[in-house]
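Please look over the sequence and the 3D structure below before reading on. The paragraphs after them go from the overall fold to single residues.

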Amino acid sequence: RRMELQADFFAGCYMAGRAIDLWRWDVANMQQAAEQMFSIGDFNFNNPGHHGTPPQRLDAYLGGARLAFEQDGRVSVDRAPRASERYM
């Protein structure tokens with residue numbers, strides 16, 4: 001589950017960074033992507049393929065997006081993993 005949530009964090013970071021770079025995404029697009037993250041969580045805590053609950057996945061995605069917005073879309077390759085580890 002931890003690895004899946006870290007991937008969600010990276011996805012949020014990447015998508016927000018691209019939104020800033022391209023100005024093609026607005027808040028509605030980010031919200032739609034966040035809702036998608038929320039919809040694909042599960043509650044199979046004992047399953048080795050458990051990806052995290054919907055709120056956990058949404059939090060991880062938004063955590064990555066916040067990092068990208070704080071850094072004006074310029075999150076370095078080494079900073080994102082460290083930030084995601086602190087987030088987890």
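What follows is a walk through the helices, the core and a few residues.

This is a predicted model, in which local features need pLDDT of at least 70, side-chain atom pairs count only at pLDDT 80 or more, and totals for chains, interfaces and linings use all residues. Residues are numbered from 1 along each chain as its sequence is written, and side-chain values use heavy atoms, with hydrogens and water left out.

The chain has four helices and zero strands, and its pattern along the sequence reads α-α-α-α. Helices here are DSSP runs of H or I with at least four residues, strands are runs of E with at least two, and both are numbered from the N terminus. Of the 88 residues, 35% count as buried. Buried means under 20% relative accessible area, exposed means over 50%, and partly exposed is in between, using a 1.4 Å probe and protein chains only. The chain exposes about 5,600 Å², of which carbon and sulfur atoms supply 55%; these areas come from the Shrake-Rupley method with a 1.4 Å probe, and for residues only the protein chains shown count as cover. Among contacts (heavy atoms within 4.5 Å) between residues at least 6 apart in sequence, 66% join residues at least 24 apart.

Which residues make up the largest nonpolar core? There are seven: F9, C13, A16, A65, L67, A68 and A83. Helices α1 (2-22) and α3 (54-70) each supply at least two residues of this core. A nonpolar core is defined as a set of buried Ala, Val, Leu, Ile, Met, Phe, Trp, Tyr and Cys residues joined through side-chain atoms within 4.5 Å.

The 17 residues of α3 should span 24 Å at 1.5 Å a residue, and the end C-alpha atoms are 24 Å apart, which agrees. The expected span is 1.5 Å times one less than the number of residues.

One of these α3 residues is charged and has a charged partner. Side chains of opposite charge can pair when their charged atoms come close. The side chains of R57 and D8 meet in a salt bridge, with 2.6 Å from N to O. Because R57 lies in helix α3 and D8 in helix α1, the pair ties together parts that are 49 residues apart in sequence. By the rule used here (a side-chain nitrogen of Lys or Arg within 4 Å of a carboxyl oxygen of Asp or Glu), the count comes to one salt bridge. Are its two partners buried or exposed? R57 is buried, with a relative accessible area of 5%, and D8 is buried too, at 4%.

Glycine G17 is found in helix α1 and is buried, with a relative accessible area of 7%. Not counting residues up to four places away in sequence, G17 touches A68 and G73.

G73 is buried, with a relative accessible area of 16%. The C-alpha atoms of G73 and R18 are 7.1 Å apart, although 55 residues separate the two in sequence. Just after α3, D72 takes a positive phi of about 55°.
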